[in-house]
Amino acid sequence: MVSAASSSAIPGRRVALLTLGCARNEVDSEELAARLHADGWQVSTDGEGADVVLVNTCGFVEKAKQDSIQTLMAAADTGAKVVAAGCMAERYGRELADSLPEAEAVLSFDDYPDISARLDAVLAGDKITAHTPRDRRELLPLTPVARQRSAVVVPGHATAGARPAGGTLVADEHTPAHLRQVLRRRLDSGPVASLKLASGCDRRCAFCAIPAFRGAFVSRTPDELLAEAEWLAGSGVRELVLVSENSTSYGKDLGDPRLLEKLLPQLAAIDGIVRVRASYLQPAETRPGLVEAIATTPGVAAYFDLSFQHSSEPVLRRMRRFGSTDRFLELLATVREFTPEAGARSNFIVGFPGETRSDVDELVRFVSAARLDAIGMFDYSDEDGTEAANLPGKVSAATVKRRYDRLSALADELCSQRAEERLGSTVEVLVDSVQDGVLEGRAAHQAPEVDGSTTLVAPAEGGVDLAVLRPGDLVRATVTGTEGVDLIAVPEEMISAAPRRAG
């Protein structure tokens, strides 16, 4: 059996890991936690009493960057040494270090394999020179199938070949994945966990800066994913959320662009896992076989997280994206031919350069017909290094706000109506939490944190006794009410009880 052991543990070092942004960042933080724990650090998510606060930042859009800066500055008030890592740190490097003296160090993804040594240096008062940012797409071969052999650091992908800092890892790249140590340490104990399918993106959307600092698309191998999924199931996880920058591309660099269709049933068959959810689907790559696999595979949520971004063809072309209102409605119709109750969500940008009133009307036509369960609406802003930042035809800030307010209000109304369509229907609810007698969970069309939730209430008679339910239980329930996108449901039948742990 392989193992990771600390060779230079210094008792008493405490680090708090604070994670901002998306679920992919959460996985990266758990890789960092595993490396630090293996080298003797006491790892928590509470800055109180920590020697170092390590902030895994988000650098996606301006608001996320401001949240990251405020978190770094607040962490400095605790008296701990503050270190910035993650997307914003990778994206701005030295510039961030120069403008934010509250941070003792700004680290790159390249520092992750040696994260313990970096934090030791910070505690010792050593100066760590911040990196000069570079386009990480240039670090990997252009040919996707050649990328697996690259030694480039990709957060969330580390396995046996990547040694925890200072540790002794008795395994190499030739060791089968099921015999390697999973380089991950959970930072919460909930019944849901993200599983990173891949990192990076090969698309060239004009508004998006992510590929420049996350790099080109790289898949993790199925054996790595299955081994990590089994490990997560063993820790009490009941729902796996598959995350990446573009899940529909999974497998193209492994020689099989339809690998996700094959992986889904294998993940769903893992003992203890009751739901697998795919996210981050690109409409242009959402092929019929994948739609069928997601809609019909037992144990896989019939849930379609489709990144439409807009529906007006002129805007989509300027964004360097494909599709149209009619193409997208056809895709949703195909989904509902398989599973009428399937969940669907999407994100949209309003105010993109060149957007006209007619384009906005077209977007209104789409969202009004699409019957989406959840909509994320974003107001466009220029992002450093993107093609869109230099496009002509900028929409004034006042007009962007007006369009954003209009579309956001419409989205709220439409999603509430979609929730009301589910009144009287039967849903399968995974219990997320039980607190002060309130049971919160999610139906199959509700992803964690972004799509609303389902509150379970006591049946008038019969059904399932709420007192026996615990996080991780999966129940069949009848929808009796709605509050916006949230549902209220009565549990009728236990489908799968989570294992009860001693104590």
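Predicted model: local features only at pLDDT ≥ 70, side-chain atom pairs only at ≥ 80, totals over all residues.

Now look at two helices, α10 (residues 325–338) and α11 (residues 357–370). Their axes are 10 Å apart and meet at an angle of about 10 degrees. Angles under 35 degrees count as roughly parallel, and α10 and α11 are therefore roughly parallel to each other. On the α10 side, the contact includes Phe 328, Leu 329 and Leu 332, while α11 contributes residues including Phe 366 and Ala 369. The residues of this contact divide into 6 nonpolar, 1 polar and 4 charged.

Next come the aromatic rings, which form 7 pairs in the structure. In one of them, the ring centres of Phe 109 and Tyr 112 are 5.5 Å apart and the planes stand at 80 degrees, so the pair is edge-to-face. Phe 109 is buried, with a relative accessible area of 1%, and Tyr 112 is buried at 1% as well.

Phe 308 and Phe 366 make another edge-to-face pair, 5.2 Å from centre to centre with 80 degrees between the planes. This pair links distant parts of the chain, 58 residues apart: Phe 308 sits in the loop between β11 and α9, and Phe 366 in helix α11. Both Phe 308 and Phe 366 are buried. Together with Phe 328 and Phe 348, these two residues form one aromatic cluster.

Conventions: Residues numbered from 1 in each chain as written. Heavy atoms only, no water. Axes fitted to C-alpha atoms, helices over the stretch in contact; angles between N-to-C directions. Helix = DSSP H or I, 4+ residues; strand = E, 2+ residues; numbered from the N terminus. Parallel < 35°, antiparallel > 145°, perpendicular 65-115°, else oblique. Contact = heavy atoms within 4.5 Å. Nonpolar A, V, L, I, M, F, W, Y, C, P; charged D, E, K, R; others polar. Phe/Tyr/Trp six-rings, centres within 6.5 Å; stacked < 30°, edge-to-face > 60°. Buried < 20%, exposed > 50% of the residue type's maximum accessible area, 1.4 Å probe, protein only.
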